[in-house]
Amino acid sequence: MDELLGLLRIHVKRGVNLAIRDVSTSDPYVVVKMDKQKLKTSVIKKDINPEWNEDLTFSVTDPSCPLIMTVYDHDTFSMDDKMGDAEFDISPYIEAVKMEVDDLPNGTIITRMLPCRTNCLAEESCVVYENGKVLQNVVLRLRHVECGELEIQLEWISLPGSKS
C-alpha cells in the first residue's frame, strides 16, 4: 500500500462518430488499460454515437504509465473488431493534483494541455478545480481508424495513508 499514490476515476462519457464495423452500425465498448490493470465498459448495441456514462477506477502507483483506451465492436459469432485506440499521458493531471489546491474558486483552470503530434487530444483539455475536486475533461481522437472520438473525464481520489 505504501507505493499507492491514489485512485484515478475515469468517467467514460461517450463516443462520437465511431467507425462502422457491422453492416450500417457498430456495437461498441471501451477497454481501458493502465499498467497491469484492465477494465471495460458495457456494450452499447447498434450505436456509433454511444453514451456510456460509466466510471472505471484504477489504482495509481506510477504516474508515468499512460492510459490506453481501445474501442471494440462486439460480435457474437466472431472475434470483436477493433474500432481504434488512443493513449493519454496522465502525468500532467497528477502534477496538478499534487499542487493541493483546495481554496480556489469553482471553475479555476489549473493547467491546460494542447493537442499535438505526440498526444491523441482532439481539442484543448483543461485541468479544472470544480466543487472541491480536480477534474479534467478530455476529448481523444482515435488512432488506427478512419474516424471517431472518445470523451472521458478524470477525477482523482486521495486515500488516507497514500503517497499523495
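1. Helices are DSSP runs of H or I, at least four residues long, numbered from the N terminus. In this predicted model, proline 92 sits in helix 1.

2. Is proline 92 buried, exposed or in between? Its relative accessible area is 28%. Buried means under 20% and exposed means over 50%, so a residue between those limits counts as partly exposed. Proline 92 is therefore partly exposed.

3. Compare sequence with space. Proline 92 and lysine 13 are 79 residues apart along the chain. Their C-alpha atoms are 21 Å apart.

4. Six strands form an open sheet in the order 4-1-10-9-8-7, with antiparallel pairing. Strand 4 (51-60) and strand 7 (108-113) are the edges, and each pairs on one side only. Neighbouring strands are turned by 20° against each other on average, direction ignored.

5. Look at one pair. Strand 1 (residues 6-16) and strand 4 run antiparallel, joined by eight bridges. Arginine 9 stands opposite threonine 57 in strand 4. Strands of a sheet pair through backbone hydrogen bonds.

6. Where does helix 1 lie? Helix 1 (residues 91-98) lies across strands 1, 4, 7, 8 (125-130), 9 (133-141) and 10 (149-157). Its angle to strand 10 is about 30°.

7. Finish with the core. The largest nonpolar core has 42 residues. Which of them touch the most other members? They are Leu8, Leu67 and Phe88. Leaving out residues up to four places away in sequence, leucine 67 touches a set of residues including Leu8, Ile10, Val32, Phe88 and Leu154. Lys33 and Glu87 are also among the residues leucine 67 touches. In soluble globular proteins, nonpolar side chains tend to be buried together.

Technical notes
Residues numbered from 1 in each chain as written. Predicted model: local features only at pLDDT ≥ 70, side-chain atom pairs only at ≥ 80, totals over all residues. Heavy atoms only, no water. Pairing = 2+ DSSP bridges. Helix = DSSP H or I, 4+ residues; strand = E, 2+ residues; numbered from the N terminus. Axes fitted to C-alpha atoms, helices over the stretch in contact; angles between N-to-C directions. Contact = heavy atoms within 4.5 Å. Core = buried A, V, L, I, M, F, W, Y, C linked by side-chain atoms within 4.5 Å. Buried < 20%, exposed > 50% of the residue type's maximum accessible area, 1.4 Å probe, protein only.
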